[in-house]
Each structure stands twice: as structure tokens, then as C-alpha cells.
Amino acid sequence: MHDFSFKRGKLYCENVSVASLAKKHGSPLYVYSHATLTSNFRQLDSALSPVDHLVCYSPKANSNLGVLRALANAGSGFDIVSGGELQRVIAAGGDPSKCIFAGVGKTEEEIELALKKSIYAFTAESEPEMVRINKIARRLKKKAPIAIRVNPNVDAKTHAKITTGTYENKFGIAFEEVEGVYKRAAKLKNLHLRGLQMHIGSQLTEVGPFEKAVKKVAPLAKRLAEKHGIEFFSIGGGLGIAYESALESGDAKWWRSPKRTNLLSPAKYAAKLVPLLTPLGLRILIEPGRFIAGNAGILVTRVEYVKQTGVKNFVIVDAAMNDLARPALYDSYHEIVPLTWKPGDHLKKNQISSDVVGPVCESGDYFCKNRPLPKVGEGDHLALLSAGAYGFVMASNYNTRANPAEVLVKGNQAEVVRKRQSLKQLWAGESVPKWLK
Ligand code: LLP
């Protein structure tokens, strides 16, 4: 579910018209809904209520301070992947003692920072990393809480670039080797073996792979609890969201169509997994990013030109692959709607097959190809939906394009939570060598 809807033909985020935001703050513009963020969080939190649990939001999906604060206020922990993310969480008012720290390449500085801030646990992804964490903890006269990331070798059946839980991937330690690794870790005096972690991939739309992985790993978690006294089992993130609605089916009520919400619901997820997890008696962690932030954000863009080539109708907009990289990177689908929905716009006869493209000088700079869209012209605005996760965070300055502003809406309040980057900021750290002057 989400809080973007059409009221009298105008797109609203909660009670604020998106067109009014574009007028005030310019374009391209990311817009987030506080109600959607927090209700997505609460749905997961309550689905897991039968077990002792902690939802650790993954800031990698959207790390804006406003977003992090909204989730910290709702009680969220955080699944961080860098020292930078830890600093962000702290800057946003998040609690380091609710943070777990994943990633295959943690540096000495990052480990030291996390130890000094007393995070809940590191998820170690290799033996050399464990040894490094132990060494730094000894130097700081601390015990480092760790979980080991197990690679369960279960296919998540998702896009190859976001699959993580098979032996083809760089993540974690092979299932068969994990117990041996815990045995050796137990001998490292400055480690506290606190948990076990896994994450099989992202944008999973079926519960099957989660169930398979939990079934495979739960007995291991139980044995580790008995032998080493671990207290938590993190089953990772990965819950998929709906990116497509029934717009193209010509359904006038497409926005509220069940097609948009019929994917993996927290209830379905919990119904299958909670019975497998309850008998463990462990604290269960999950690490959702996309599920919480994905449908809580849109990217608003302005039409600059419409160019008809005989073969194609190109709608050239002011956002590009540097602002939202997912279509160029993964060929991913983002629904595109005009901010004003005119009567009959949903009818095929009023739509025109279009390629929505950005101004960046690459053929890969497109948001959709040959998609039936209502007719739009110069100065109209479009919204790219489901852009709240892996949107702004993956933006770059390619083609010397400044990053968009971000706005957070709550009810009828809207606030800029990140200013549009100024062009000068882009080369602020650069200089011309003396010998070229
Ligand atoms: N935990 C770990 C260890 C992860 O690596 C990830 C995501 C998550 C949790 C959160 O996964 P989520 O609940 O968001 O699926 N840029 C790609 C997605 C990359 C996901 C990376 N890891 C995209 O735009 O689809």
C-alpha cells in the first residue's frame, strides 16, 4: 500500500498535491510519504509480533536523514553496510545499539568506529574479517559482538544482479563450513558470538525461497544456540514490492487495483516463516529496505520535448539515468503517470506508445520503451512510481548533473529534506594542477 493517489484527477502524496511541490521545488524531485514509510514498517513489525524480533531497516535503500528519523521514531533498528551509514543513522537520531553491520569489505576504520559506538553486532562474511574484528576489539579492550553470515546456497529466483544467497555470490560463508568457523571463532577471546545471519537476495515476490532457506538454516541456528549461546537469527531482507499496476489494462481504477498490492504481503511472509522460527526461541531480525521505502517514494520529472521520429514517440524528460539508475542497470520497470489524469486517459485509444528518455548521452538512458502513455507535452510533469528505494541513493553526477532535491510529506506538511545540489558543489573539491596554470 502507499499514500500516492489521484484526487479529482490530480496526483497527491498524502494531502499534498505533487504538482504544487514541483512548482515550488522544481524538477526533478523525489517525494516521499511519511505515512507509507511508517505503515510499511509497522506491517512488518506486527506480522513478526508472535516472536521476539527487531526490524532493522536497510538504509542502503534510502538513507535520507528524514527517512531514517521517521523509522527510528517508529522503533526501527538499522542494517548498515558502511561507516558512512552508521554515521548517518546516528546523525538522524538512530540508536547504534540497534544496528547490525553487514558487508564483505569492512575496513579497520569502520570496524573501530562501530566498536566505539557499541553496535548490536557485526555480520562477519569471512574468517579473515573475524580475525580483524577480534584484533581491533583487543586493541580497544572490548568484546566485539558478531554474527556470521551463512550462505545457504538457495536460489532466490530474482534478478541476477540482486541474488546473494548462492555459491556463485561473494557473500557469506558456505553453509557446510559455518559450524567449523564458529568453533574457531569461539577461540578468539575478543569476540562475542551473538547471532547468525543470512540474506538470499532482493525483490523476492514469492515466499518459497525464504521458506526453503529458513528450513535449511533453522536447525543450524538451533545448534549454534546450544553450543555457542547465540541469541539472534537474522533472516535478511528481500521482500519484493509491486512495481506494476493495472494501468495498462485500461482499468480506470488502476491506482487502487489489487494488482499493485498482491505480491508478497507481510502476513503471507509471516504465516510461512513464523512457525519455523518460533521453536528456535531466538530473537529474529529482518533487514527490509525496498519493502519499507520502495512504494513510499516517487521521482517527479518535467517533459522538455516530445520528439516523433516516425518509428517512435520520444518523451524527453529532465530526469535521467543519473537520477534513477534502476531501468538502465537492471532493465527494471517503474510505472509512469502524469500528475494530472484527464478523463479517458486510461483508454487505449487516448494513449500513445512512448519511450520516456532522459537527456544523458547514452542509449541506456531511458525509463521505459514502447509503453502506452497518455499524451503529454512540453512543460507537463510525470511521476516515476516506486522510486523510494534504490532511487536517490544510487544517483550520480554523470554528465555534470546536480542531484535532485528530496521532499518528505506528512499529512498536509511537506518539507525539503535535502536541497537540490548546486552545480558549484559538483566541482568544489577539484582543482587545476599548479603546473597547468
Ligand atoms: N540485507 C542485506 C545483507 C542486503 O545486502 C540487502 C540488499 C538488504 C538486506 C535489503 O534488501 P531489500 O529488503 O531492500 O531487498 N540496487 C538494487 C538492490 C540491491 C540490494 C542490495 N542488498 C535494486 O535497485 O534493485
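Guide: Let's start with a cut-off: a salt bridge here is a side-chain nitrogen of Lys or Arg within 4 Å of a carboxyl oxygen of Asp or Glu. Keep in mind that we're looking at a predicted model.

Visitor: Okay, then what makes Glu179 and Arg223 a salt bridge?

Guide: Their closest N and O atoms are 3.0 Å apart, and the cut-off asks for within 4 Å, so the pair counts. The two residues come from distant parts of the chain: Glu179 is in helix H7 (residues 178-185) and Arg223 in helix H8, 44 residues apart.

Visitor: Why is Glu179 called partly exposed?

Guide: Its relative accessibility is 25%.

Visitor: How many salt bridges does a search of the whole structure find?

Guide: 16 of them. One of these joins Lys60 to Asp79, with 3.5 Å between the closest N and O atoms. That pair also links distant parts of the chain, 19 residues apart: Lys60 sits in the loop between strand E5 (53-57) and helix H3 (65-74), Asp79 in strand E6 (residues 77-80).

Visitor: And is Asp79 buried or exposed?

Guide: Buried: its relative accessible area is 3%, and the label asks for under 20%. Lys60 has 30% relative accessibility, so that residue counts as partly exposed.

Visitor: What do Glu231 and Arg194 tie together?

Guide: Their side chains meet in a salt bridge at 3.1 Å, N to O. Glu231 is in the loop between H8 and strand E12 (232-234), while Arg194 is in strand E11 (residues 191-197), so parts that are 37 residues apart in sequence are tied together. Glu231 comes out as partly exposed, at 33% relative accessibility. There is also a network of salt bridges linking Glu112, Lys116 and Arg139.

Visitor: What makes E15 a partner of E14?

Guide: Two strands pair if there are at least two bridges between them, and E14 (residues 297-308) and E15 have 5, in the antiparallel sense. Val306 is the residue opposite Val315 of E15. E14 and E15 form a hairpin with 4 residues between them, and Gly310 in the turn has a positive phi of about 95 degrees. E15 is also joined to strand E17 (residues 351-357) by 3 bridges, and these strands run parallel. There, Val315 has Val356 as its bridge partner.

Visitor: Why are E1 and E3 called edge strands?

Guide: They belong to an open sheet of 3 strands, ordered E1-E2-E3 with antiparallel pairing. E1 and E3 (16-17) each pair on one side only. Between E1 and E2 there are 4 bridges, and Lys7 has Lys10 as its bridge partner in E2.

Visitor: What makes the phi of Arg8 worth a remark?

Guide: Most residues other than glycine have a negative phi. Arg8 has a positive one, near 50 degrees. This residue lies in the loop between E1 (4-7) and E2 (10-13), and at 73% relative accessible area it is exposed. Asn370 also has a positive phi, near 45 degrees; this one lies in strand E18 (residues 366-374).

Visitor: How do you know that the peptide bond between Ser27 and Pro28 is cis?

Guide: Look at omega, which is about -5 degrees. Most peptide bonds are trans. Pro28 is in the loop between helix H1 (18-25) and strand E4 (29-33).

How values were computed. Residues are numbered from 1 along each chain as its sequence is written. This is a predicted model: local features need pLDDT of at least 70, side-chain atom pairs count only at pLDDT 80 or more; totals for chains, interfaces and linings use all residues. Side-chain values use heavy atoms; hydrogens and water are left out. Buried means under 20% relative accessible area, exposed over 50%, partly exposed in between (1.4 Å probe, protein chains only).
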